[in-house]
Every structure is written in structure tokens, then in C-alpha cells.
Amino acid sequence: MSDPERTLRVDRRRFLQLLGAAALAREARSATRLRVVVAGAGIVGASIAFHLARSGASVKVIDREGPATHASRASFAWINATWSKQPHSYHRLNQAGVQRWKTLQPLLNLPLRWGGSLEGNADASLEAELVRRVAEQRDWGEQTRLVGSAELSELEPNVDFSGLRQVIHSANDGATDPVAATHAFLGAAVALGAQVEHPCELTGVGMSAGRLVRVQTSRGEIPADRLVLATGAAADAGKMFADWDVPLREAPGATALTSPMARLVHRVLWMPGVHVHQRDDGRIVLGEEAGPPQDEAHALRLHEHPDDFPAREIALQHAERMRAAAQRFLPAFQRAEFEGARICWRPMPLDGYPVLGVSPARPDTYLAVTHSGVTLAPIIGELVAQEIVDGRRADLLREFRPDRRFRELAP
Ligand SMILES: Cc1cc2nc3c(=O)[nH]c(=O)nc-3n(C[C@H](O)[C@H](O)[C@H](O)COP(=O)(O)OP(=O)(O)OC[C@H]3O[C@@H](n4cnc5c(N)ncnc54)[C@H](O)[C@@H]3O)c2cc1C
């Protein structure tokens, strides 16, 4: 934690003023500030922009549509380092992500709800494995345990846990509103002097003697020393702007959102088939475990990578499917009214792990493409800024570099 952070836990405005002053002091010390363009204003690009700005870089964020218009708009937004985050190196990165959210929350007024998660298992064949994973979680520093039915009815009185064989409680988890969080990071970056421009599409890069000198955009050229590609699931961005192919998996997903309701659930519920959490504004977020229905009509629709359902009725049909799954655990959910449902494409590298690091083919271009990007955004922002501005390589990122072999598919 930096000195300004340590001193200023209490007052966000004063914290930003001091950070700004620190950035200016750094600027005065160095004749020229590093000029960094961040392409992509999702939650990952926004956090990187904030951390770069507080490290003294001159930052410009561009997005071809607008902040949080893609994966960061539709995300379920569970913040966690649970047992499925394997292996240990990936778990450690997620743990650092959870911790960084907690550090930044009071400083940036981030919209977070903590309280942990409950993961239900209805599959007898998984029981022994999950007992082992719970023990492993504790070895890895998590507050994780199996919870019995008496305690469950106290923890979540509105949830029917019958039919489940095990329920795992992970106390450190939380959830956010990813759109509001993206705007909070961008707002803090702007307070430190960053500029945000949209719609503004990255279209090319200008090089001189092998080094980046400018980026080309739909709104003209921007002088730049470094480029960060936080372009999410835009599959060709690596090849086009970093001379480096980041192999991605097709990974569409959908979430649904209700109108505000009186409090029904207190924690993130990860139940067989459906995930649920309720924000502080009363809205319930639903996500589904399975992908889209496997039929020809859906295959045809998904072929074009749509960012919206073709019509509100179709969005609501998907929401109703999630309602049916949720009602099995949450009978009172039948009263819920949907505001809508969203489809999005996860930035999912082929092996399921983040791609974070300088392009091996372009020393001034940094790749930042990841799933679990809501959990990871704050720690990625901090470490990427450290690598770009201070040139210190982050050990936590060692296994997630762009030049690894993308062979093994994560479960
Ligand atoms: C249904 C669903 C559920 C999820 N659930 C969770 C969860 O519970 N927990 C979790 O941690 N993660 C979850 N994720 C993953 C997480 O949401 C993503 O990893 C994260 O949002 C990625 O953020 P991003 O900023 O990298 O990408 P995005 O939010 O997709 O942003 C990329 C941006 O780049 C812009 N862009 C692309 N190309 C260009 C260009 N050429 N020029 C300018 N701009 C460009 C786009 O317009 C876009 O705004 C989920 C994802 C989905 C889809």
C-alpha cells in the first residue's frame, strides 16, 4: 500500500487530491510523463487506467462504444477466490483481487456488497472431492467451511436448501455492480488527470525504429509511448495491434436483472443451474450455469456474436428460464419482475487463464485479456501499472504471460 493510501483511508476526496498532487510531483521530477493509451473501457481497462494515473502516467482511455458496454455490463460480478480457482497460482491472483477490492472500497467509494457465498452441491459423486477442496481452501488462507442445515436457515431464511448434499460457505466473497464500479474507476482516473474518449475505436499503431510513437483511432491520432489492449473478447485485437495472437474460446453468457425488491438473499448463492445475488439497491442478479440452449436456432443467432438479444421478448424468455431454476431454491422469487436480461461474450483465453504482459512481438504494447475480470480488475490494474511505469515485473503474473503455450483447457 502506498503512503497516500495509508494516510487517507477515511476521506476519498482528500485521497484523490493527494494522489493528484503526488502524480504532479512525479511529473515535475521527470521531464516527460509516460503517455499510455488504454484501449477498452471495461472494468479491466478502467482499473488499469486508474492505477496508471496514480502512478504518474499520462493516460488516455478510448472505447469504441463506451464504458462497461460489453462483458463488464452483463457480468454476474461475483468477487471470489473459491475452490474452483485452480491451480494455486491462479487462486493466489484471485485472492489478491479480493483483497485489493477491500483496500480500494473506502478510498473510491466502490459499490460492493460483502458477506460471503454459499455454493450448493447436489451431486453425490462430487462429495469427497469437495471435502478435500474445502480443506485445501483453508490451507490457502480462506475462511471456507461446510455448513449444516440449521445454520443455513439462519444464514438465508428465504432459501430452500433441501435436495442439496453439501453447502460450502466462503466468508471472504462479495459482489459488485460492475457498471457502477467501472465508472468509479474511470472517475477516479479522470480526477487524477486521465482522459476518457468514446466512441473512439483503436484502428492502428504508428511505429518508428521499432518503438510505438502513436496510435490511430477513428477520431484521429494520439501520441503514445505505450498501448494497453484491454479489449476483452474482441478476438482479433491482439493480432491487429500487438502482432500477437491471443487464442480465445467462444464463451457467451447471459444474466438477468429484476426490479428492486425487499431483501430476499444476503449472500452470493451458487446453486446447481443458477446463481443469485441481491445488490444493495434491491435488484436481484441471476446468472445461469449452462450456456445457451444447444439448438440450431441459437447456434445461428450466436454466430454473429450479438451484444443484445434480438428483442425484449426474447430477453425475457431467457430471464424466465433463469427464474424457473431460481424458484426451486427461492420460492419467493415468483414475485420478481424483470427489468431485462443481457447477453455478452466472456473474454476467455483458450486455457481459461488471464493473458497479462507485454506482447513478445511489440515491446510497447501490453495485453490484458481475462475472464474473472471482475474479481481480478483491481489487482490487475495495480500490477499492470507497476510493470508499465516502474518496470518491475510482478511475480503474481509469472504464469499468465502471453507467450505461454495455450494447450491445457481449464475445467
Ligand atoms: C455472463 C457473464 C458472467 C460473468 N460472471 C463473472 C463473475 O461472476 N465474476 C467475475 O470475476 N467475472 C465474471 N465474468 C467475467 C468478467 O465480466 C469479465 O472478465 C470482465 O468484465 C472483462 O472486462 P474487460 O474490461 O476486460 O472487458 P469488456 O468489459 O468486454 O471491455 C472491453 C472493451 O473494449 C472495447 N473495445 C474492443 N475493441 C476495441 C477497439 N478496437 N477500440 C476501442 N475499444 C475497443 C469494447 O467496446 C469494450 O467496452 C462474467 C462474464 C460474463 C459475460
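This is a predicted model: local features need pLDDT of at least 70, side-chain atom pairs count only at pLDDT 80 or more; totals for chains, interfaces and linings use all residues.

Me: How do β4 and β8 pair, and over how many bridges?

Reply: They run antiparallel, with three bridges between β4 and β8, the latter being residues 174-176.

Me: What's the strand order in that open sheet?

Reply: It goes β3-β8-β4, three strands with antiparallel pairing. The edges are taken by β3 (78-79) and β4 (112-114); each has a single partner strand, so one side of each lacks a neighbour in the sheet.

Me: And which strands does α5 touch there?

Reply: α5 packs on the sheet and touches β3, β4 and β8. The direction of α5 makes about 120° with that of β4.

Me: OK, helices now. What angle do α3 and α5 pack at?

Reply: About 70°, and their axes are 14 Å apart. Here α3 is residues 43-54 and α5 is residues 88-108. Angles of 65 to 115 degrees count as roughly perpendicular, and α3 and α5 are therefore roughly perpendicular to each other.

Me: Is the crossing of α3 and α5 left-handed or right-handed?

Reply: Left-handed.

Me: Which residues meet there, α3 against α5?

Reply: From α3 you have Ile43, Phe50, His51 and Arg54, and they meet Arg100, Trp101, Leu104 and Leu108 of α5. By class, the residues of that contact are five nonpolar, one polar and two charged.

Me: Switching topic: how do β10 and β11 pair?

Reply: In the antiparallel sense, over six bridges, with β10 covering residues 202-208 and β11 residues 211-217. Opposite Leu202 you'll find Thr217 in β11.

Me: How many residues sit between β10 and β11?

Reply: Two, and the two strands form a hairpin. In the turn, Ala209 has a positive phi of about 50°.

Me: Last one, β18. How many of its residues are buried?

Reply: Six of the eight, counting residues 338-345, so β18 is largely enclosed by the rest of the structure. Buried here means under 20% relative accessible area.

Me: And how does β14 pair with β18?

Reply: Antiparallel again, over seven bridges, with β14 spanning residues 252-258. If you want a spot to look at, Gly253 stands opposite Cys344 in β18.

Notes
Residues are numbered from 1 along each chain as its sequence is written. Side-chain values use heavy atoms; hydrogens and water are left out. Axes are lines fitted to C-alpha atoms, for helices over the stretch in contact, and angles run from 0 to 180 degrees between N-to-C directions. Helices (H or I, at least four residues) and strands (E, at least two) are DSSP runs, numbered from the N terminus. Angles under 35 degrees count as roughly parallel, over 145 as roughly antiparallel, 65 to 115 as roughly perpendicular and the rest as oblique. A crossing is left-handed if the near helix is turned anticlockwise from the far one by less than a right angle, and right-handed if clockwise. Contact means heavy atoms within 4.5 Å. Ala, Val, Leu, Ile, Met, Phe, Trp, Tyr, Cys and Pro count as nonpolar, Asp, Glu, Lys and Arg as charged, and the others, Gly among them, as polar. Two strands pair if DSSP finds at least two bridges between them. Buried means under 20% relative accessible area, exposed over 50%, partly exposed in between (1.4 Å probe, protein chains only).
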